[in-house]
Amino acid sequence: MRIGVYGGTFNPPHLGHITAAKAVFELLKLDRLLLIPAREPPHKVLPAGSPTAGQRLELTRLAADQMGLGGNVQVLDIELRREGKSYTSDTLEQLHAQYPDAEFWLLMGTDMFLTFQAWRDPAKILGLAGIAAFGRTQSDTRELFLVQQDYLHRTYPDARIFTLTLPHVVEISSTELREELGRGGGQQYLPPAVYGYILRQGLYGTAADLKHLTPEQLRPVALSYLKHKRIPHVLGTEQEAVRLAERYGADVKMAREAALLHDCTKKLDTEEQLELCSRYGVELDELERNALKLMHAKTGAAVAKYVFGEPEEVVEAIRWHTTGKAGMSVLEKVLYLADYIEPNRDFPGVEELRQACYRSLDEGLLMGLQMTADEMNQRGNPIHKNTLEALSELKGKNGRG
Ligand SMILES: Nc1ncnc2c1ncn2[C@@H]1O[C@H](COP(=O)(O)OP(=O)(O)OP(=O)(O)O)[C@@H](O)[C@H]1O
Ligand SMILES: O=C(O)c1ccc[n+]([C@@H]2O[C@H](COP(=O)([O-])O)[C@@H](O)[C@H]2O)c1
């Protein structure tokens with residue numbers, strides 16, 4: 001197995017790191033890529049006020065998630081958990097013990113490659129891994145790399161050194177980016193979810209007021225709560241909710257905010273959900289306590305209310321977006337249905353449901369609720385009483401003509 005090892009301070013990780021790592025993954029035909037944030041980079045001091053180790057780990061996880069390599073990229077906290085300076089030789093020794101048969105390649109940009117002989121124990125490092133070096137700017141010439149490669153080969157004759165010309169480089173450093181973030185910029189150098197996490201945690205001098213975010217700020221913040229695979233769904237729900245709100249006269253701003261935040265606690269496990277319930281005083285019935293899918297609507301509503309200061313209408317729309325309930329407001333119906341029919345949804349009957357929704361909101365709602373109830377019955381799952389009450393209310397209305 002060929003494993004790429006990409007260490008960095010990642011303070012924060014940016015598109016330069018991601019673009020380079022993805023390209024090396026392809027060019028070296030790696031089976032796996034390990035991103036390893038350093039606890040204490042041996043050659044520089046973490047600036048005062050830097051994010052905590054846990055925050056840098058989360059930033060790196062979010063960045064890794066955006067690489068689109070699925071489970072082939074992993075973020076390891078082995079250096080963050082190891083006391084003292086994060087020497088690469090120690091890390092490689094640890095990895096070698098864990099994967100004795102793997103072929104390791106150490107990924108590094110120009111600055112690291114050109115100073116490699118000053119690292120601790122270069123001979124040991126080169127005995128455990130090859131070097132995959134790449135430029136950070138267009139002006140990092142091949143000549144510069146050749147001189148260093150030649151020097152390292154003469155000094156360490158058995159070294160494996162690959163210098164790679166990347167098809168595309170993003171010319172940014174974390175230092176420059178931190179400065180830009182502090183001035184209110186920098187977003188273009190970051191995957192949206194990473195930028196959103198920075199805003200959400202108020203890192204690097206960003207001082208966004210979470211209770212008064214613009215849509216351009218709320219969108220990345222909302223994405224920072226999600227697993228990568230859920231991002232298209234939430235953006236699709238935003239689009240659909242805006243369309244439905246415009247058509248049926250709901251508040252478009254509220255529809256957008258409800259859609260962006262509706263799944264903000266979806267990736268949490270039961271323990272984390274219950275922790276939020278006790279923090280925000282969320283009450284659960286028997287069925288909700290046993291179904292993560294039901295719990296996330298309630299905890300999502302609480303986060304929308306207490307973290308983002310959303311108005312009650314938005315909070316309620318999120319609260320009922322999974323079960324529905326009798327007597328739903330237009331906004332609540334809009335979110336329920338936008339979640340169901342957004343453009344990425346693809347299941348038997350979705351086209352009929354879309355058409356129904358655009359003929360009449362209640363016709364769509366009745367069809368959607370019925371589809372949910374049928375699915376629950378097929379799977380042998382109990383149907384929440386709110387769904388049953390919503391259904392009988394709508395059937396009653398239909399019955400009355
Ligand atoms: N824009 C970039 N393109 C390609 N490689 C990069 C880029 N930025 C950093 N690297 C490489 O990524 C690794 C980790 O770098 P690091 O996390 O220190 O980022 P940095 O931008 O160099 O940070 P700082 O500005 O704080 O020194 C190093 O090997 C570095 O050479
Ligand atoms: O082991 C060393 O002596 C050593 C010296 C300089 C840098 N490194 C590693 O190189 C990686 C890139 O460093 P940085 O600071 O550019 O993010 C990071 O994993 C560091 O721990 C390691």
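This is a predicted model: local features need pLDDT of at least 70, side-chain atom pairs count only at pLDDT 80 or more; totals for chains, interfaces and linings use all residues.
Residues are numbered from 1 along each chain as its sequence is written, and chains are lettered from A and ligands numbered from 1 in the order in which they are written.

**The sheet**

Let's start with the strands. Helices (H or I, at least four residues) and strands (E, at least two) are DSSP runs, numbered from the N terminus. Six strands line up as β3-β2-β1-β4-β5-β6 in an open sheet, and their pairing is parallel. Two strands pair if DSSP finds at least two bridges between them. At the edges sit β3 (73-75) and β6 (161-164), each pairing on one side only. Going from one strand to the next, the twist averages 25°. Look at β5 (residues 129-134): four bridges join it to β6, and the two run parallel. In that part of the sheet, A133 stands opposite T163 in β6.

Now for the helices that lie over the strands. Helix α1 (residues 15-27) lies across β1, β2 (32-37), β4 (103-109), β5 and β6, and runs at about 165° to β1. Helix α4 lies across β1, β2, β4 and β5, at about 150° to β1. For these angles, axes are lines fitted to C-alpha atoms (for helices over the stretch in contact), and angles run from 0 to 180 degrees between N-to-C directions.

Two packed helices are described by the angle between their axes and the distance between the axes.

| Helix pair | Angle | Axis distance |
|---|---|---|
| α17 and α18 (residues 350-359) | about 150° | 10 Å |
| α17 and α19 (residues 361-379) | about 55° | 10 Å |

The angle with α18 makes α17 roughly antiparallel to α18, whereas α17 is oblique to α19. The cut-offs are under 35 degrees for roughly parallel, over 145 for roughly antiparallel, 65 to 115 for roughly perpendicular, and oblique for the rest. The crossing of α17 and α18 is left-handed, and α17 also passes α19 in a left-handed crossing. Left-handed means the near helix is turned anticlockwise from the far one by less than a right angle.

Who touches whom? On the α18 side of things, L337, Y340 and I341 of α17 meet V350, L353, R354 and C357 of α18. With α19, V330, K333, Y336, L337 and Y340 of α17 meet L361, G364, L365 and G368. Contact here means C-beta atoms, placed from the backbone, within 7 Å. The contact with α19 divides into six nonpolar, two polar and one charged residues.

**The two ligands**

Which residues come closest to ligand 1? Of the 18 residues that surround ligand 1, the closest are G8, G16, G109, S174 and T175. A residue counts if its C-beta atom, placed from the backbone, lies within 6 Å. Helix α1 gives the most to this shell, with three residues. The shell has seven nonpolar, nine polar and two charged residues.

Around ligand 2 there are 15 residues, and G7, G8, T9, T88 and W119 come nearest. The elements giving two or more residues to that shell are β1 (2-8) and α4 (88-98).

Key: Two residues are in contact if their C-beta atoms, placed from the backbone, lie within 7 Å. Ala, Val, Leu, Ile, Met, Phe, Trp, Tyr, Cys and Pro count as nonpolar, Asp, Glu, Lys and Arg as charged, and the others, Gly among them, as polar.
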